[in-house]
Amino acid sequence: DCGAQQPECDPGSGLPELAGGALDEVEAYLRGLTLPPRRNHTDPRALSGMRLFKAANCQACHVPTLRTGPTHPIAAYRNLTIEPFTDLLLHDMGPDLADDRPHFEASGQEWRTPPLWGLSYVQHALGLPETCDDPTSGAATPNFLHDGRARNLMEAILWHGGEAEASRRAVLAMSATEREDLLAFVAYPFADPILEEPVGFPCP
């Protein structure tokens with residue numbers, strides 16, 4: 001339906017685009033999707049990047065593991081430990097990332113921590129790679145953050161502010177090689193006991 005704030009909206013026939021049965025089938029397909037295979041857990045650079053991720057305290061908000069609930073419609077998905085690298089909470093990310101558009105109880109500069117799992121497949125999901133077995137092939141560039149302003153993962157990291165300002169400064173202090181290692185890990189992060197150990201500064 002067209003809302004009062006959508007004057008350019010074409011109401012069309014007024015009928016739903018999908019019948020109820022087709023929508024149920026799409027929902028069932030999406031519910032059963034799984035993650036792409038992990039490719040970097042033995043990469044020495046990614047292992048180094050994991051330690052840098054922790055040193056910058058990124059895991060305070062990008063929490064490595066969560067537990068699924070006991071009532072999922074698919075029994076095999078119940079009570080699983082998953083590695084989405086998010087706390088699913090809202091955080092004040094500072095004025096530079098703000099869009100000044102409050103949404104329900106979230107202010108215009110609060111954002112939900114996005115999951116990091118499978119980030120290296122963003123180009124693949126957007127249909128940009130030249131070959132289906134290499135998600136980083138192709139000349140097109142994916143966009144990150146809520147408004148697509150970041151052309152790569154490092155730009156997305158450096159737009160962090162507010163509650164993540166200390167982590168941003170830690171990344172800025174890294175050498176070029178260390179940043180490359182960090183990105184090798186963030187491309188598809190994996191949980192490790194080292195990430196459970198406390199660090200000097202918590203998520204605010």
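Predicted model: local features only at pLDDT ≥ 70, side-chain atom pairs only at ≥ 80, totals over all residues.
Residues are numbered from 1 along each chain as its sequence is written, and side-chain values use heavy atoms, with hydrogens and water left out. Local features need pLDDT of at least 70 and side-chain atom pairs count only at pLDDT 80 or more, whereas totals for chains, interfaces and linings use all residues.

**Overview. The chain contains 6 helices and 4 strands.** Helices (H or I, at least four residues) and strands (E, at least two) are DSSP runs, numbered from the N terminus. Their order from the N terminus is α-α-β-β-β-β-α-α-α-α. Of the 204 residues, 29% are buried (under 20% relative accessible area; exposed is over 50%, partly exposed in between; 1.4 Å probe, protein chains only). Among contacts (heavy atoms within 4.5 Å) with a separation of 6 or more, 57% join residues 24 or more positions apart.

**View 1. Phe53, Phe85, Phe185 and Phe190 are linked by ring pairs into a cluster.** The whole structure holds 4 aromatic pairs. Rings of Phe, Tyr and Trp (its six-membered ring) pair if their centres lie within 6.5 Å; planes under 30 degrees apart count as stacked, over 60 as edge-to-face and the rest as tilted. Phe53 and Phe185 form an edge-to-face pair, with ring centres 5.1 Å apart and planes at 65 degrees. This pair ties together parts 132 residues apart in sequence, because Phe53 lies in helix 2 and Phe185 in helix 6 (residues 176-186). Both Phe53 and Phe185 are buried. Phe185 also pairs edge-to-face with Phe190, the centres being 5.1 Å apart and the planes at 80 degrees. Relative accessible area is 0% for Phe185 and 6% for Phe190.

**View 2. His62 sits in the loop between helix 2 and strand 1 (66-67).** His62 counts as buried, at 12% relative accessibility. The His62 side chain reaches the backbone oxygen of Pro114 at 3.3 Å. Neighbours within four places in sequence aside, the residues in contact with His62 include Phe53, Phe85, Thr113, Leu116 and His160.

**View 3. A nonpolar surface patch is formed by Leu18, Leu23, Val26, Tyr29, Leu30 and Leu33.** Together the six patch residues have about 590 Å² of accessible area (Shrake-Rupley method, 1.4 Å probe; for residues, only the protein chains shown count as cover). Leu33 lies in the loop between helix 1 (20-31) and helix 2 (44-55), and is partly exposed at 43% relative accessible area.

How values were computed: Patch = residues over 30% accessible without salt bridge, like charges linked within 9 Å, V, L, I, M, F, W, Y side chains within 5 Å. Salt bridge = Lys/Arg side-chain N within 4 Å of Asp/Glu carboxyl O. Polar contact = N/O pair within 3.5 Å; in protein donor to acceptor, adjacent residues only side chain to side chain.
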